[in-house]
Structures are given as structure tokens and as C-alpha cells.
Amino acid sequence: MTKVALFPGSFDPLTNGHLDTIERAAKLFDQLVIAVATNTSKKSLFSATEKMDLIQQAVSHLANVSVIEHTSGLTIDLAKKIGAEAMIRGLRNLQDFEYETNIAAMNKTQDKEIETVFLMAAEKHRFLSSSLIKEVAFFGGDISELVPYHVNAAVKSKYADD
């Protein structure tokens with residue numbers, strides 16, 4: 001039986017923290033599906049297509065990882081649709097824990113069979129967030145150690161166009 005997990009997120013942009021979580025989750029499951037969603041409460045730097053392309057480049061070394069777009073509906077419904085038995089969530093701090101445990105509990109009311117698997121962020125990535133990366137990059141700061149090389153180039157290009 002193939003063990004499938006779903007890792008949903010907006011990934012705007014993909015950080016080294018995201019990539020670390022993806023690589024670790026890929027070792028735990030036979031198939032890991034990354035679902036790129038659009039966070040309607042935030043202004044996106046990248047389109048869904050751009051984010052998917054950037055993620056696919058970053059995970060090309062992982063044969064059991066695929067990337068899809070999640071455009072509407074509940075994430076738990078997407079997990080059911082793709083046959084996932086688990087959803088992966090990264091935790092950086094206590095605030096993430098509180099937020100994510102509430103979502104996990106709500107998801108359990110929708111489908112008792114799908115587990116949420118929390119992976120603690122590596123210490124060196126605990127401060128990373130896509131929002132913080134964008135803010136630093138917007139003001140010309142160096143994010144080269146915080147995101148994959150090609151993501152850094154894409155972020156710089158976006159802000160150079162402004």
C-alpha cells in the first residue's frame with residue numbers, strides 16, 4: 001500500500017525551511033504531493049504557475065514528490081481526492097503550534113481517517129517565513145542563504161520590475 005501525504009501551503013516564495021520540511025517528509029512517505037494554494041488574505045508576489053515552477057525546480061531531486069495547484073475548496077477534501085492519509089504541517093514556534101493544532105482538529109471533524117503530521121522546523125530555519133523573506137527582499141536585503149538559488153533570482157527579478 002502506497003503511503004501518500006499532502007503538504008499544502010502558499011509557498012510565496014518557497015523558503016529553505018519549506019524545502020527542508022519537504023525533504024524530510026519525502027523520506028517518511030512513498031509519495032508527497034505539494035499543493036500550492038493562493039492565500040486570499042495576502043498579496044502574492046508570484047502567480048500559482050510561477051510558484052509551482054519554482055517548487056518543481058527545487059524538488060527535482062526527489063522522485064516521490066509532485067506539485068499540484070489547489071484552487072478552491074477545503075484542503076481536507078483535496079487530501080481525500082488524492083488518496084492522502086496524512087497532511088504535513090511545519091511548526092516553527094508556539095504560535096504555529098496553536099494555529100496548526102486548531103486546523104488539525106477542524107480537519108478531524110471533516111475526515112477522521114486523515115492524520116496531520118507535524119514536523120518541527122530545523123533550528124536554523126525557525127525564524128523563516130515567506131512574509132519576512134519578501135519584506136527583507138523588498139528593501140534590498142540579502143535573502144540568498146534563506147531560499148534556494150533560483151528562488152532568490154526570481155524574487156530579485158520581481159522586485160527589480162517594480
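A: Let's start with K108, which forms a salt bridge with E115, the closest N and O atoms sitting 3.0 Å apart. This is a predicted model, so take the distances here as computed from it. How open are the two partners? K108 has a relative accessible area of 25%, so it counts as partly exposed, since that falls between the 20% and 50% cut-offs. E115 comes out at 43% relative accessibility, which also makes it partly exposed.

Next up is R92, whose side chain meets that of D96 in a salt bridge, with 2.8 Å from N to O. Here R92 is partly exposed, at 27% relative accessibility. D96, on the other hand, is at 13% and counts as buried, because buried means under 20%.

Then there's R89 with E100, another salt bridge, at 2.8 Å from N to O. This pair links distant parts of the chain: R89 belongs to strand β4 (residues 86–91), while E100 is in helix α4 (residues 94–110), and the two are 11 residues apart. As for E100, its relative accessible area is 6%, so it is buried by the under 20% cut-off.

Note on methods: Residues are numbered from 1 along each chain as its sequence is written. This is a predicted model: local features need pLDDT of at least 70, side-chain atom pairs count only at pLDDT 80 or more; totals for chains, interfaces and linings use all residues. Side-chain values use heavy atoms; hydrogens and water are left out. A salt bridge is a side-chain nitrogen of Lys or Arg within 4 Å of a carboxyl oxygen of Asp or Glu. Helices (H or I, at least four residues) and strands (E, at least two) are DSSP runs, numbered from the N terminus. Buried means under 20% relative accessible area, exposed over 50%, partly exposed in between (1.4 Å probe, protein chains only).
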